[in-house]
Every structure is written in C-alpha cells, then in structure tokens.
Amino acid sequence: MFIPPEKLDYAYNFIREDAGQGTSVVIFVGPDADALCACHILTTLLRMDQIPYQIKPIFDVEHLLNAASAVRKMTDVRSIIMLNCGGSVDILQVFQLPEEGLTCYVTDCHRPFHLANINDKSGRVLLIGDQDDVTLEVPEPVVERDEDDFSSSDSEVDASLSEDLGSDSSSDGNGKRKRTSRRQQRKEKRRKAKSGVDAALPSHSLADPYYAGDYCGPSSSGLMYLLAYQLSRNNETLLWHAVVGLTNQWTHHRIDYKRYEKEYNKYRAEVDRLYDMADDDDEFLDAASSRRKKLRNGRILCELDYKFMLYRHWSLYDSMFHSRYVAARLRVWTYRGPQKLQELLAKMGLPLRSCKESWALMSSSIKQQLDEKLTHCGATYELPELQFPSFVRNFGYKMEVCAEDVVYAVTALLELNNHDTLNDELVRIADRAARDNADEPASADGVSATETDSSGTTSGPDTGGSSSSSTLAIGGASTIHAAMRNNFWTAYEALDSRSQDLARGFQLAMSLQKAIVRQ
C-alpha cells in the first residue's frame with residue numbers, strides 16, 4: 001500500500017497519534033549517506049514533537065532479521081520506520097506484524113519493492129512514495145483456490161493419467177522408445193498437477209520480469225525534507241541534508257544526469273525561496289556588508305563545481321589524478337597517463353609545484369583563471385565536461401564544504417575503520433584477497449584474535465574494514481557488525497559539517513582512493 005509524497009504529513013500524524021510514553025518509534029537505517037541524512041531530518045521532527053525513538057542501523061538481511069526479533073519483544077513500539085532498507089523483503093513475514101497496534105512505514109529508494117509489500121491491503125505495511133515510480137507493471141496477486149478446485153483438478157489429472165496408462169498397455173509393441181516418450185509425458189503431467197497446488201501463491205513466472213533488474217527511486221532524505229516542508233518546519237540545515245542525499249545518488253551513479261539535473265533545479269528553487277526574504281535588504285547594503293552576509297555561518301550556495309575528488313581538502317594535482325572522471329579518461333595507471341596530466345597542466349600555464357600544494361595555499365589568481373583554462377584545454381585531452389551543478393555550504397571564512405565532499409567522507413567512514421596506518425592496512429587486505437583468489441593460505445601476521453574495546457572499536461592489524469574477509473575469518477560476523485555499528489555512529493555524527501569526524505572522513509576517503517588507484 002502506497003502513501004503518495006503529497007500526503008506524508010498524514011502518515012506523520014498517525015505516528016504522532018500512536019506515540020505513547022515509552023519508545024513508540026523504532027527507526028531502521030540503511031548504511032548509506034542518503035539514509036543517514038533522512039534519519040537526521042526525521043529525528044529532528046520527532047524531537048520537536050517530543051516523541052521517543054530508537055535508531056537501529058541495518059547492514060544486511062541477517063542483521064535485519066535479528067533486529068526484527070528484538071523489536072517484537074518491545075511492547076511499547078507502535079511505529080517502525082525503515083530508511084533505505086526493508087523494501088525488498090516481505091515485511092509481514094520478517095516482523096510478524098499483528099493484526100493491529102503496529103504499523104511499518106517503508107521509505108526505501110531501492111527498487112523494486114517486494115510484491116508482498118505492494119499487495120498488502122491491511123494497512124500494516126505502508127510504502128512511502130508514488131506507485132508511478134514502479135517502472136514495470138506490478139503482477140496481480142493470484143486469487144486463492146478452495147479445496148473443490150484442487151479436487152476437481154486432481155480428478156482430471158487422474159483421468160488423463162488413466163487414459164495414458166490404457167494407451168500404454170495397448171501398445172503395438174514398437175519397443176522401448178514409444179514407452180519412454182509416454183513415460184516422459186506422464187512425468188510432465190504430474191509436474192503440472194503439482195504446480196496447481198502452488199497457484200495460491202504469487203506466480204514466480206509472472207514476477208520474474210518485475211524482479212529482473214534494480215533501479216533507484218526518489219532519495220529518502222528528499223522525502224523526509226518534503227515532510228518537513230509540509231509541516232512548515234524546514235530550514236537550511238534540513239535542506240542541506242536533503243541535498244547531500246541527492247548528491248549521494250549522483251556520486252555513486254544510481255541516477256543519470258537528466259534526473260539529477262531535474263532534482264537539482266527543485267532544490268535550487270528551494271534555496272532561493274529560503275533566502276529570498278533575507279536577501280531583499282541587500283540592495284541597501286554596501287558590497288562588503290553584502291559579501292559578509294552571503295558568507296554567514298551555514299549558508300547554502302548553488303554553483304558549478306569541478307569533477308575533482310575532494311580538491312578543497314587536497315592538492316589540485318592529486319585530486320585530478322585520483323578522480324574517477326579524469327583518471328579513466330587519461331588512463332593514469334599507464335605509463336603515459338601521469339605524463340598526459342602534467343602536459344595538461346603545463347598547457348594551462350599552471351606551475352606543477354603550485355598544483356601539488358594544498359588547494360587552500362594556492363594562489364587566488366590561479367583559482368580564478370582555472371575555469372577558463374580548463375574549458376580551453378580540457379577538450380584536447382577528452383575532458384570536455386569538468387564541471388557539474390552542485391551545492392556548497394559556507395561557514396564564514398573558516399570552511400567551505402561541497403555536498404559531494406560530504407558524501408565521500410560519510411561513505412568512507414561507513415565502510416572503513418579509523419586507523420592511523422590505513423594505507424598499509426589497505427595494501428595488506430588487497431594482498432590477502434589476491435592470495436585467496438590464488439587459493440593460497442593467508443598468513444595471520446602474528447595476530448591470533450581481534451579485540452574490541454568498550455566503545456565497540458575494533459583493534460588489531462587485521463581490522464581493515466567492513467568488507468575485509470580476513471576480519472570475518474578472525475572475528476566472525478558479530479565482530480564485523482560491532483565494527484560497522486561503530487562506523488555508523490561516527491558517520492552519523494560527521495554529518496554535522498563542523499564535526500571533527502568529517503575532517504577525518506576526508507582524509508580516510510583520500511587514502512582509500514589512493515589505494516584503489518594503486519591497484
């Protein structure tokens with residue numbers, strides 16, 4: 001059952017009415033930046049209404065089943081909200097929802113939804129979104145058949161089988177070949193008779209085209225911001241979270257540029273609307289005062305940004321060298337790749353020494369001329385589109401953060417543990433994976449076990465990240481989930497743009513990208 005986006009406030013009113021004295025709302029959050037941003041927006045609204053809630057990070061289906069089992073023991077829970085998780089599983093079966101008293105709201109950008117969730121008419125599973133987002137026609141649920149239908153079909157099959165047996169007994173004796181073919185026909189009829197019993201369930205042959213591929217729906221953070229807008233509680237902080245959620249889909253290639261541009265224009269109009277009244281008085285200010293007002297703490301700006309990874313926190317050369325767009329087109333992993341990049345910078349008239357300095361220390365004249373020079377020289381090296389529309393948030397003269405930078409930092413914090421020796425760790429994990437692929441035993445590097453401290457942080461040389469097969473072999477799934485929970489809360493706190501965790505995320509993302517390019 002779908003709840004259209006224009007009626008999100010009605011669904012929120014149901015949650016507010018069902019709220020009790022205890023923890024009445026449990027929020028399941030998937031492991032991506034969009035889900036974390038949606039959780040920030042939703043919890044802000046719940047705190048405004050003084051509704052107690054509990055957040056449970058979800059990393060895989062097994063973890064979801066364990067969390068669902070724990071929720072069933074919580075007697076005060078009235079609403080379950082799922083952000084970027086749960087849409088592809090049968091919610092009624094996973095949570096074993098009672099007939100009344102507990103409702104599950106699913107806000108999941110992953111498509112397709114499970115057919116059981118779409119066909120549920122009881123109102124216990126509510127899918128947030130528009131049914132028009134489903135690109136394929138949803139198969140109709142098969143009507144259940146009673147026992148008379150099954151008995152009649154069985155009698156018909158028995159009659160046909162008896163006819164076959166009779167014809168088989170009156171065979172003209174042409175040999176084994178004819179008897180074998182008739183035996184195969186009888187097996188096929190028995191198989192069809194058995195499939196009739198399963199007709200009460202959704203037919204898998206009908207569902208196959210629906211489940212054939214996957215795609216991405218509207219961002220969960222965008223839907224949560226729409227809810228805040230309908231409740232007249234939207235502000236620039238919540239808008240920034242929605243922008244980061246959209247950028248997460250674009251950065252990880254889950255949506256195409258046409259769709260990203262459409263959503264970008266909507267958010268740009270929202271930015272203009274938020275600051276419209278504040279900017280009406282700018283005509284009475286001098287240039288310096290107007291500039292200070294635009295650089296006020298937390299202001300969101302819409303501007304073209306470079307396709308260079310984390311260049312504000314890196315050097316221009318390293319950012320271009322490790323960016324996916326530039327690296328793939330210049331083939332930086334080959335012998336000629338780095339030479340092409342240096343030739344490009346030389347034709348642009350940029351000193352290599354200045355390009356290898358931190359972006360913050362580069363000459364302002366170079367930064368001002370960079371757009372024109374990239375446009376002039378980029379096409380020669382098959383780099384025609386080096387900019388894309390994005391959002392930047394200013395914090396005065398202290399820091400400037402791009403939405404894509406936040407996505408890179410949050411994703412790195414979610415996927416990797418914070419280690420001082422991250423580069424060595426990534427190389428060790430890659431070497432181990434190569435040995436595993438070659439069916440060679442990996443050494444333990446002198447580590448017998450993985451230790452976990454009271455804060456849930458995993459220590460030891462073998463804890464390279466959530467995807468490390470060596471960590472799984474040593475600590476097991478429980479150790480992996482403990483490390484991922486620690487990473488989840490670190491990334492959740494890093495969404496505050498002034499957090500020190502965000503700066504660590506920048507460094508972590510840069511180290512990870514270096515290790516990827518080295519491979």
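At what angle do helix α2 and helix α9 pack, and how far apart are their axes? Helix α2 (residues 33–48) meets helix α9 (residues 220–230) at about 20°, and the axes are 7 Å apart. That angle makes α2 roughly parallel to α9, since angles under 35 degrees count as roughly parallel, over 145 as roughly antiparallel, 65 to 115 as roughly perpendicular and the rest as oblique. The axes here are lines fitted to C-alpha atoms, for helices over the stretch in contact, and angles run from 0 to 180 degrees between N-to-C directions. Helices (H or I, at least four residues) and strands (E, at least two) are DSSP runs, numbered from the N terminus.

Before going on, a word on what you're looking at. This is a predicted model, where local features need pLDDT of at least 70 and side-chain atom pairs count only at pLDDT 80 or more, while totals for chains, interfaces and linings use all residues. Residues are numbered from 1 along each chain as its sequence is written, and side-chain values use heavy atoms, with hydrogens and water left out.

Back to the helix pair. α2 passes α9 in a left-handed crossing, meaning that the near helix is turned anticlockwise from the far one by less than a right angle (clockwise would be right-handed). On the α2 side the contact (heavy atoms within 4.5 Å) is made by Asp34, Cys37, Ala38, Ile41, Leu42 and Leu45, and on the α9 side by Ser220, Ser221, Met224, Tyr225, Leu227 and Ala228. Sorted by type, these residues come out as nine nonpolar, two polar and one charged. For that sorting, Ala, Val, Leu, Ile, Met, Phe, Trp, Tyr, Cys and Pro count as nonpolar, Asp, Glu, Lys and Arg as charged, and the others, Gly among them, as polar.

Follow α9 onward to its contact with helix α10 (residues 236–251): these two pack at about 155°, with axes 8 Å apart. α9 and α10 are therefore roughly antiparallel to each other, and their crossing is left-handed. Ser221, Gly222, Tyr225 and Ala228 of α9 meet Leu238, Leu239, His241, Ala242, Gly245 and Leu246 of α10. This contact divides into six nonpolar, four polar and no charged residues.

Now turn to what α2 lies on. It runs across β2, β3 and β4, at about 165° to β2. Those strands belong to an open sheet of six, ordered β1-β7-β5-β4-β2-β3 with parallel pairing; two strands pair if DSSP finds at least two bridges between them. β1 (2–3) and β3 (53–57) are at the edges with a single partner strand each, so one side of each has no neighbour in the sheet. Further in, β2 (residues 25–29) and β4 (residues 79–83) pair over five bridges in the parallel sense, with valine 25 opposite serine 79 in β4.

Arginine 16 and aspartate 49 join their side chains in a salt bridge (3.4 Å, N to O). Arginine 16 is in helix α1 (residues 8–18) and aspartate 49 in the loop between α2 and β3, so to speak distant parts of the chain, 33 residues apart. Most residues other than glycine have a negative phi, and most peptide bonds are trans. The bond from arginine 111 to proline 112, though, is cis, with omega near 10°, and proline 112 is in the loop between β6 (110–111) and α5 (115–119). Leucine 310 has a positive phi of about 55°.

Technical notes:
A salt bridge is a side-chain nitrogen of Lys or Arg within 4 Å of a carboxyl oxygen of Asp or Glu.
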